[in-house]
Amino acid sequence: MCGIVGYVGERKAAPILLSGLSKLEYRGYDSAGIAVYEKDRLQVIKTKGRLKALSDMIDGGKNMSSTMGIGHTRWATHGEPNDINSHPHLSQSSEIAVVHNGIIENYISLKEFLVEKGVKFLSETDTEVIAQLIEYNYRGDIVEAVMETLKDLKGSYALGVISRHNPEMFIAARKDSPLIIGAGKNENFIASDIPAILEYTRDIYILEDKEVAVLTKDSIKIYNEYGQMVNKKIFHVDWDVDAAEKGGFEHFMMKEIFEEPKVVKDTFNSRINGDLLKQDSLSFTAEQLNKIEKIFIVACGTAYHAGIVGKYLIEDLSGIPVETDVASEFRYRNPIINEKCLTIIISQSGETIDTLFALREAKSRGSKILSIVNVVGSSIARESDSVIYTLAGPEIAVASTKAYNTQLAALYTIALDFANKKNRINSEELKEKINTLKEIPGQIEKVLEKREGIQKFAANHYNAKSVFFIGRGLDYALAMEGSLKLKEISYIHSEAYAGGELKHGTIALIEKGTLVLCSVTQDALIEKMVSNIREVKSRGAVVMAITQEKNKLVESVADTVINIPDISSMFAPLTAATVMQLFAYYMSVLKGCDVDKPRNLAKSVTVE
């Protein structure tokens, strides 16, 4: 969620902090601020609103001479979005400044303790407690004061701390919230995510839980929670800076939709060798798989919708029962899970807090963990028994598009791998399905060529107040994701329903002019979906259908049809998803919404 950047070196810090924060705007925020050591004191500048307002206040930071500082974009959790609650937060004497991502669960009791000691608070945030507690614990050594403070914090945190007593050094720490360190020449950095500092360095240290880093311009020292020095390997970032830029597109979201053919192909290629699956990609042998009695797929948001597709695929192909769970519910409902279960964890960032805790819950009960993530070295990847990387590259738009498609791509290969190892599919069938997978990137390109038809339909309906998405089977899973995309970026109310559920109450909401999107790609269910379309049409609905070119029956009943290339029902969601994404995009643009940074949302949800 919130974005953190820190710099210490020989260059002016403020412009670097502002630049880094601009690369983290996709994470979602409602205020921004920086703290720098300037003229023998800590100077804090912060404001409610967009980063540009902060930059304008200090003229881009070009007149600030400090070579050390921390910056933050905040997404409000404790206290309303305003100037006072914005980060960074100062201690009472203004000698310590802190930026924080996460939630301190016991901040009320800590605040009460400090108030009794005479400490005066200015904000409503949990973060100010950290700054005040560090000052309370300060006895001449700022590192010791931070380490002592961390022992009292319950919850999650990624921290950047600077002190007036140490103008050439800052401290970073993390627990359950992501934080990386960038190693440069005569300069060092911290950040919530790689794009913030990729302009300056490609050499990264990934902090583990409860580790503390002390940075100067010439050194990086990392300690564990017991104060012992930790030796870590550098992770070298090999993707291009351009991957995190718009590249001529008006919005990141459209750029990322256009990248889908490539990233889906890359994800398939990482798992397929010719017309065979790479057997070294998963650490589960046929013998191990035969001992698995049940699979749980656990995720949040878009990743959860990918998991529902995965449930259909794995059950159909491998015969193993699958339960799909929302991570925030899974971790609290005492799931019946043991060593005979496999848990598949899906997360774009690999840092989604509820998903990470669900992983730990499943692992503590004996389950093996297979994760599908996009970020190498992320917390979920490191704590899993086996990992499939989706190779989507950096996804900057808050609404997930290419990451979703690559998650589906990974799930298809998992389902086929499991079916093969359980002898539920013969070699010829496997080759046929693998060859079908190879055709999908080209089919997505053909869908992109039809974007004008989708744009035209959106232009006629972007003022809709409510939209319904319906489908059956895999199309129902797709409807859920289509509905979420529309809600996320256009702020139009939408709901997804299984086609067969219409008559159980939902159809009462259909009236003249109601917009209904129907995905009709499952051969065995086409006639039933056509009946559903007739049901809503007879009550005045306007229907856009997504279906294969071969399905002429659908054209006879829908108002508008967006055809995807002919492909078997099992694989259709991978191409139909792009249509849903384009529809949501055009609806948002036409309404004048902030496509890449929708209100109240964050890219990586690292707090509960």
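Predicted model: local features only at pLDDT ≥ 70, side-chain atom pairs only at ≥ 80, totals over all residues.
Biologist: What makes Phe189 and Tyr200 a stacked pair?

Modeller: Two values. Their ring centres are 5.4 Å apart, and a pair needs centres within 6.5 Å. Their planes stand at 15°. Stacked requires under 30 degrees, so the pair is stacked.

Biologist: Which parts of the chain does that pair tie together?

Modeller: Phe189 lies in strand β10, residues 188-191. Tyr200 lies in the loop between β10 and β11. The two parts are 11 residues apart in sequence. Ring pairs also link Tyr7, Phe189 and Tyr200 into a cluster.

Biologist: How many aromatic pairs does a search of the whole structure find?

Modeller: The search finds 9. One of them joins Phe113 and Tyr136.

Biologist: Why is the pair of Phe113 and Tyr136 called edge-to-face?

Modeller: The centres are 5.4 Å apart, with planes at 85°. Edge-to-face needs over 60 degrees, so the pair is edge-to-face. Phe113 sits in helix α3 and Tyr136 in helix α4, 23 residues apart.

Biologist: Why does Phe113 count as partly exposed?

Modeller: Its relative accessible area is 31%. Buried would need under 20%, exposed over 50%. So Phe113 is partly exposed. Tyr136, at 31% relative accessibility, also counts as partly exposed.

Biologist: How do you know that Arg599 lies over the face of Tyr491?

Modeller: Arg599 is at 3.9 Å from the ring centre. The distance limit is 6 Å, and CZ of Arg must also be within 35 degrees of the ring normal. Arg599 is listed as lying over the face of Tyr491.

Biologist: How do you know that Cys341 is in no disulfide?

Modeller: A disulfide needs sulfur atoms within 2.5 Å. A search of the whole structure finds 0 disulfides. For Cys341, the nearest cysteine sulfur, that of Cys300, is 20 Å away.

Biologist: What span is expected of helix α11?

Modeller: The expected span is 16 Å, at 1.5 Å a residue. Helix α11, residues 353-364, reaches 17 Å from its first C-alpha to its last. That is close to the expected value.

Biologist: What covers the buried residues of α11?

Modeller: The cover includes β17, α10, β19, β20 and α12. Among the buried residues are Leu356, Phe357 and Leu359. Gly366 follows α11, with a positive phi near 100°.

Conventions
Residues numbered from 1 in each chain as written. Heavy atoms only, no water. Phe/Tyr/Trp six-rings, centres within 6.5 Å; stacked < 30°, edge-to-face > 60°. Helix = DSSP H or I, 4+ residues; strand = E, 2+ residues; numbered from the N terminus. Buried < 20%, exposed > 50% of the residue type's maximum accessible area, 1.4 Å probe, protein only. Expected span 1.5 Å × (residues − 1). Contact = heavy atoms within 4.5 Å.
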